[in-house]
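Thanks for coming. I will go through one model today, a few elements at a time. Please look at the structure as we go.

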Amino acid sequence: MSTTASQEQASTTMTFREAIRAALREEMDRDDDVFLMGEDVGVYGGVFEVTQGLLDEFGPERVRDTPISEQGFVGAGVGAAATGMRPVVEVMFSDFLGVPSEQIINQMAKMRYMFGGKTEMGLTIRTTEGGGMGAASQHSGTMHTWFAHFPGIKVAAPGTPTAAKGLLKSAIRSNDPVVFFEDKMIYEQEGEVPENDDFTLPIGEANVERAGEDVTVVATQRLLGESLETAEALEGDVSVEVIDPWSLYPLDTDTIVESVEKTGRLVIADESPLSYGTHAEIAMRVMENAFYSIAEPIQRVGVPDTHIPFSPPLENEVLPHGEDVRAAIERIT
Amino acid sequence: MPTINLETEEGRLEALRRMLTIRTFDATAADLFADGEIPGFVHLYIGEEAVAVGACGALDDEDYITSTHRGHGHCIAKGLEPEHMMAELFGSSEGYCNGKGGSMHIADVDANMLGANGIVGAGPPIAAGAALRIHLKDEDRVALAFFGDGAVAQGQVHESLNLAATWELPAVFVIENNQYGEGTPVDQQHNVENLSEQAEAYEIPGVTVDGMDVTAVYEAVEEARRRARDGDGPTVIEAETYRFRGHFEGDPQVYREESEIERWKEERDPIDQFKHRLIDRGELSADGYEELQTEVEAAIDDAVAYARDAPMPEPADAYQDMYAEPVPEIEAFAAQLRADGGLPGGEIR
């Protein structure tokens, strides 16, 4: 890690994984009510090594290895949060979220509302998603649309280390439940991340990662980086604006609409299945708010409604990549 | 300190009063539901009063409970006020949940009552989480989950038992075996003789007690609470009981004979049994009992009067309380619904 100091705040080069670990460490240092639990988060350090070292730092009471029992430990997270704790529960793969979804949708998401606003639910669920490592259909899915659709939950799906750190810290401090999706293919991605312990990013704001004039690309997670690379490659021919929505619910409609009012063209790149999903929601919000600014048909880049297959040529076929973003841009410019 | 001391005459009379309050509240709710004053679903606790009162009587005010869809008894036993409960049944903004929960979701987190619950088996994981909080904060209290015989077949109940047992959490699991999971008899849903035997799988104590005897339930919970506070982990208590009403109000009850219900009422009614015990001990007279009944009925009449007069929520309140930090989506949708906001879509480019 190399450290640089700007006028405003010191930052460090770190990976997406290290940024999440830093957020966890800082929030556990800051607030004794924050604790971690999940399968193999302790001794093992997390199946993707995100929580490595935290057991030694904080001990087994606050970094808890659980039985393979998602209903039990997610439900315990709900109960701990309802009684004032700030649990950070890891569900190893988002494909497993079907197992504890009763506790998520009927308890975590509804408790505050059903009880007339008299409960806080400071629960954060961290989970991994996305294909690209030959993990096959039950370990490669992209589930964030499910939970962004369900009222009562906030959903973050960052595409950079900085966003990962800032949003996870906000999620842990929030009195609302947040499901935090980590794309496992970008754990090694590096970025300049503020070191300041008080650095947070608001849940509900999008970030313009790259300014452009001709087309807006709203891209999430791995596809954010690949869209930025595509934008660089097209520089000179097409001026591409790239936005990371940061959180999917709430979703910063204004930033996206403002961009499309300028460019008149929109590509939405997200690894979820194409039908009934995140792409449709973003497109609809733009149509509701900037209908007369849309010059060309809105383009969707995602998974063509299949599961993620195992064999590399098959997996590669269905997963969206930068070249698909490029093709979508070229269709409308 | 337990909220009731059954060793004292005063405590025994309080237990009787609470059981009568539950019965009167629910009998009144049945009438109000039949008359159409209470909307939605209502699941009544009549017949099972000794379980809630025995269990909550052995708890301290600081102890947490989770409840079920049949939760009125747990609420009253935990000390919630009938006025605000009845107001909640009426859908009033003066109810415990401001009218957003209704009969199946009454909660009062300030009183450590973590909610009735419309999902069978969802309470135990939440109670395990509350027990985890107690453990992490090193507090001197416990979390108790009430759940029915039907819930014992749910995976998440077993996951909670395993978690609480493995982590030695200060939890108490109270199975209210009222003989039927909705409309199916308990022996058609489980392969064990006593549901408390499930505890053996987790190497924690499991006991079956007479759930129609408030003292038996009280003593079992007292012992379980002591174990939990001593750091010895959770206990499973099966309380054998019987619901005198249907699964829900309006249930045709095709799954059982009227004679069976009558037999339980005549031979095992928890209030009658306890009343006679107190009379036999010379602690209560027939007149004294009538006086108590009159007092309780007056209190429930007051609760009904309160609920009838309590304001209903404003329709716009439907948009409140979704999040601690509100989201612009709901505000925008609400504004669009509640006003003629004109045609959206931006300006022509």
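I will call a residue buried if 20 or more other C-beta atoms lie within 10 Å of its own, exposed if 12 or fewer, and partly exposed in between, with C-beta atoms placed from the backbone. Helices (H or I, at least four residues) and strands (E, at least two) are DSSP runs, numbered from the N terminus.

Two remarks on the source. This is a predicted model, where local features need pLDDT of at least 70, side-chain atom pairs count only at pLDDT 80 or more, and totals for chains, interfaces and linings use all residues. Residues are numbered from 1 along each chain as its sequence is written, while chains are lettered from A and ligands numbered from 1 in the order in which they are written.

Start with helix H9 of chain A, residues 253-263. Which of its residues are buried? They are Thr253(A), Ile256(A), Val257(A), Ser259(A), Val260(A) and Thr263(A). Down the axis of H9(A), these fall within an arc of 160° (taken from the directions from the helix axis to the C-beta atoms), so they line one face of the helix. In general, an α-helix has 3.6 residues a turn, so residues three or four places apart point the same way. The cover over the buried residues of H9(A) includes S10, S11, S12, S14 and H10 of chain A, counting contact as C-beta atoms, placed from the backbone, within 7 Å. After H9(A) comes Gly264(A), with a positive phi near 75°.

Those strands belong to an open sheet of 5 strands in chain A, ordered S10-S12-S11-S14-S15, with mixed pairing; two strands pair if DSSP finds at least two bridges between them. At the edges, each pairing on one side only, are S10 (207-210) and S15 (299-303) of chain A. From one strand to the next the twist averages 25°. Inside the sheet, S11 (215-219) and S14 (266-273) of chain A run parallel over 4 bridges, and Ala219(A) stands opposite Ala269(A) in S14(A). Helix H10 (278-290) of chain A packs on the sheet, touching S11, S14 and S15 of chain A, and its direction makes about 155° with that of S14(A). Axes here are lines fitted to C-alpha atoms, for helices over the stretch in contact, and angles run from 0 to 180 degrees between N-to-C directions.

Last, the interface. How many residues does each chain put into the contact? Chain A gives 46 and chain B gives 43. On the side of chain A that touches chain B, H3(A) supplies the largest share, 10 residues.

Definitions and conventions
Contact = placed C-beta atoms within 7 Å.
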